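Hello! Here is the structure I promised to pass on to you. Please open it alongside this email and follow along as you read.

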Amino acid sequence: MNRLIRVPDASELEQLRDIERAAGALFVDVGMPDIAADESFTVEELTAYLDEGHIWVVVVNDTPAGYALIDIVDDNVHLEQLSVHPKHGRRGHGAALLEHVCTWAGDNGHHAVTLTTFEHVEWNAPYYARHGFRVMAEAELGPGLQQLRDEETRHGLDPTLRVVMRKDGHA
């Protein structure tokens, strides 16, 4: 297997939308069809991440297999999206992207990587916990993370099913 993590070409952004849709479809299997039906990032939104230098793709045998998007929230790197196409799943591609994001965070002076995710979905919070992330208490959330939680709730995500996680020690 030939795996490479790099910045995507603009011509690949539509493929990344397809990856997100395919990965999202797995939520049907855990009784979350509304999440599966949620629309992926638009090409315009992905282009904005590309312009900021906040998007990476994992390419396997010259084919995009997954991607990661980050924002900067409360002075830390926030993993906005990590998607791997199910046909490429369970081969370490997501872990490689996650490690790339964590390394980028440290190389760019950020002390932690945060994310929001579903608490009981196996490839969400339990997955990130296996990679060194911990659940944050509400009192630990800065204003940016609290705003993200509020936006998720307005978007229809049940806050009782979601957690905010953090991995320290990158800078």
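**Strand S5 and the sheet**

Strand S5 is mostly covered, with seven of its seven residues buried; buried means under 20% relative accessible area, exposed means over 50%, and partly exposed is in between (1.4 Å probe, protein chains only). Before going on, please keep in mind that this is a predicted model, where local features need pLDDT of at least 70, side-chain atom pairs count only at pLDDT 80 or more, and totals for chains, interfaces and linings use all residues. Residues are numbered from 1 along each chain as its sequence is written, and side-chain values use heavy atoms, with hydrogens and water left out.

The names of the elements are simple: helices (H or I, at least four residues) and strands (E, at least two) are DSSP runs, numbered from the N terminus.

Back to S5, which covers residues 112-118. Which residues sit on its two faces? On one side you will find Ala 112, Thr 114, Thr 116 and Phe 118, on the other Val 113, Leu 115 and Thr 117, and all of these are buried.

S5 belongs to an open sheet of seven strands, in the order S1-S2-S3-S4-S5-S7-S6, with mixed pairing. Strands S1 (3-6) and S6 stand at the edges with a single partner strand each, so one side of each has no neighbour in the sheet. Two strands pair if DSSP finds at least two bridges between them.

Now look at the partners of S5:

- Strand S4 (residues 76-84) pairs with S5 in the parallel sense, over two bridges. Here His 78 stands opposite Thr 114, and Val 77 stands opposite Val 113.
- Strand S7 pairs with S5 in the antiparallel sense, over seven bridges.

Arg 134 has Arg 166 in S7 as its bridge partner.

Contact means heavy atoms within 4.5 Å. Helix H6 lies across S3, S4, S5 and S7, and runs at about 150° to S7.

**Two helices that cross**

Two packed helices are described by the angle between their axes and the distance between the axes. How do helices H1 and H3 cross? The axes of H1 (residues 13-24) and H3 (residues 43-52) come within 9 Å and cross at roughly 110°. H1 and H3 are therefore roughly perpendicular to each other; the cut-offs are under 35 degrees for roughly parallel, over 145 for roughly antiparallel, 65 to 115 for roughly perpendicular, and oblique for the rest.

From H1, the contact uses Leu 13, Glu 14, Leu 16 and Arg 17, and from H3 it uses Val 43, Leu 46, Thr 47 and Leu 50. By class, this contact has five nonpolar, one polar and two charged residues. Ala, Val, Leu, Ile, Met, Phe, Trp, Tyr, Cys and Pro count as nonpolar, Asp, Glu, Lys and Arg as charged, and the others, Gly among them, as polar.

Most residues other than glycine have a negative phi, and most peptide bonds are trans. Asn 61, in the loop between S2 and S3, has a positive phi near 50°. Asn 61 counts as partly exposed because its relative accessibility is 48%. Asp 74, in the loop between S3 and S4, also has a positive phi near 50°, and at 30% relative accessibility Asp 74 counts as partly exposed.

Is Gly 156 buried or exposed? At 60% relative accessibility, Gly 156 counts as exposed. Gly 156 lies in the loop between H6 (143-154) and S7, and its C-alpha atom is separated by 9.3 Å from that of Asp 34, 122 residues apart along the chain.

Enjoy exploring!

How values were computed. Axes fitted to C-alpha atoms, helices over the stretch in contact; angles between N-to-C directions.
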